[in-house]
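Please look through the following model with me before you write up your own description. My remarks are set out as numbered points, each on one part of the fold.

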Amino acid sequence: MQLKSLFTSESFYLSKILYFKTLLTKINIHETAFVTASFRMGDVALSKDRYAYLWSKSSIDIHAERYSTAVSSYEPYAHCLRNRYFYDTINELMNKNKIEVLINFGCGFSMYPYLLENSLDYIEIDKSDVVTHKKEMTTKWEREGKLPRRKITYLEADFNLRSQDKLYEQVIALKNGRKSFILLEGVLFFLSKDDTKRLFKLFDRIQEPDEYLGSVSFLPQLEKQLVFKKLIDYVESNLEKNKRFQYQTVAEKFYRNLKNYELMNHEDTFSLSARYEPKRFLPKEEVLNEHMYLLKKTSIQ
Ligand SMILES: C[S@@+](CC[C@H](N)C(=O)[O-])C[C@H]1O[C@@H](n2cnc3c(N)ncnc32)[C@H](O)[C@@H]1O
C-alpha cells in the first residue's frame, strides 16, 4: 500500500516536471502544424478529420490547450470549421470533375488526401522537417492499415527563398497538365509580403484557366482587437520565429485585385459557424476571425 502511494506520488511529480518543461520549450514554426491537427481532433463530426488523432502527442496537446487558454478558447472550433469548409469545397469540385490534383502548400499534418477520394492525386508541400515526418508516418500507417492507400507526392520547400523555380519545375512535372486546386491554409501569417507576392506569382505560373485556389488569412482590421494582441504575445514567448516573421494580415482587396484570378467566394469564421452550427453563439471580441477565399483562374489573360 505504502509502495503504491510512493509510486503514485512520484509519477505525479514526474508528470508535473514534464508538463512544466513543455511549457518552457518554444515550438518551431513547422511544429504549429501539430497544434492545428490537435485542434481538428476536438470535433471530428465538424472538422471531418477522422485521422487527426494519429498526430496527437502529449507535449503538443499541452501547447494546443495552453494556446487556446491564452489566446482564444474558440480556436479549436475555428480550425474545425476551416477544415470542414475546404473539405466540402474540394469534395464538391472533385465530384463535378473540375479538379484532378490537390496541391497543398504548407500542408502541415492536414489529412485531406485520406479524407477525400482516391480519384484525386495529391501533392503535399512543406518544410523538409514536416514532409519527411509526414511521409514516414503516413507510409507506416498505410502499411499497418490505419490509413487507406493514396497517391501522394511529398515536396520539400521553403517559401522564404527568393527563387521558387525548382519547386515550379517539380510541381509542373507532377501536375502534368491536369486541373488543380491549390490550397494555402494557415500559412500566410508566417510569411512576409514579398514571400506572399512571390508565392501567388508561382500559383499563377502553375495554373491554367478555370483552376482553383483556396487561401486563408486574417484581415488587417483584426490587428486592433485584443484577441490579436494576445496571439502576438503568445507567439512572442512561445514560438521560435525567423527573420521574415511579420504577423502578416491580408486585405480583401489583395484577393479581389489578384491578376488573372476571380474571387468566387469569401467566408470567415462567423459565416462558417452560421452555416455549420447555426445555433452556436460566437462572441465577436473573443474570436480570432479567419477569412477563407476561393478563387478561380480566369479564362481571359
Ligand atoms: C499552422 S501550420 C498549418 C498547416 C496546415 N496547412 C493546416 O491547416 O493544418 C503552418 C504550416 O506552414 C508551414 N510553413 C510556414 N512557413 C513556411 C515556409 N517558409 N516554407 C514552407 N512551409 C512553411 C509550416 O511548416 C506549417 O506546416
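1. The face of α7 that is turned away from its buried side carries the exposed residues E136, K140 and R143, where exposed means that 12 or fewer other C-beta atoms, placed from the backbone, lie within 10 Å of the residue's own, buried means 20 or more, and partly exposed is in between. Helices (H or I, at least four residues) and strands (E, at least two) are DSSP runs, numbered from the N terminus.

2. Please keep in mind that this is a predicted model, in which local features need pLDDT of at least 70 and side-chain atom pairs count only at pLDDT 80 or more, while totals for chains, interfaces and linings use all residues. Residues are numbered from 1 along each chain as its sequence is written.

3. Which residues of α7 are buried? They are V130, V131, K134 and T138, and, seen down the axis of α7, they fall within an arc of 85 degrees (taken from the directions from the helix axis to the C-beta atoms), so they line one face of the helix. These buried residues pack against α2 (32-41), β3 (121-126) and β4 (152-156), a contact being two residues whose C-beta atoms, placed from the backbone, lie within 7 Å.

4. After α7 comes G145, with a positive phi near 80 degrees.

5. An open sheet of 7 strands runs in the order β4-β3-β2-β5-β6-β9-β8, and its pairing is mixed; two strands pair if DSSP finds at least two bridges between them. Because β4 and β8 (261-268) stand at the edges with a single partner strand each, one side of each is left without a neighbour in the sheet.

6. Strands β6 (residues 212-217) and β9 (residues 291-297) are paired in the antiparallel sense over 6 bridges, and Y212 has K296 in β9 as its bridge partner. Helix α5 (residues 75-95) packs on the sheet, where it touches β2 (101-105), β5 (180-184), β6, β8 and β9, and its direction makes about 175 degrees with that of β6; such angles run from 0 to 180 degrees between N-to-C directions, with axes as lines fitted to C-alpha atoms, for helices over the stretch in contact.

7. Finally, α2 and α5 pack at an angle of about 85 degrees with their axes 8 Å apart, and they are therefore roughly perpendicular to each other (65 to 115 degrees). In this packing, T36, F39 and R40 of α2 meet E75, P76, H79, C80 and N83 of α5.

How values were computed:
Parallel < 35°, antiparallel > 145°, perpendicular 65-115°, else oblique.
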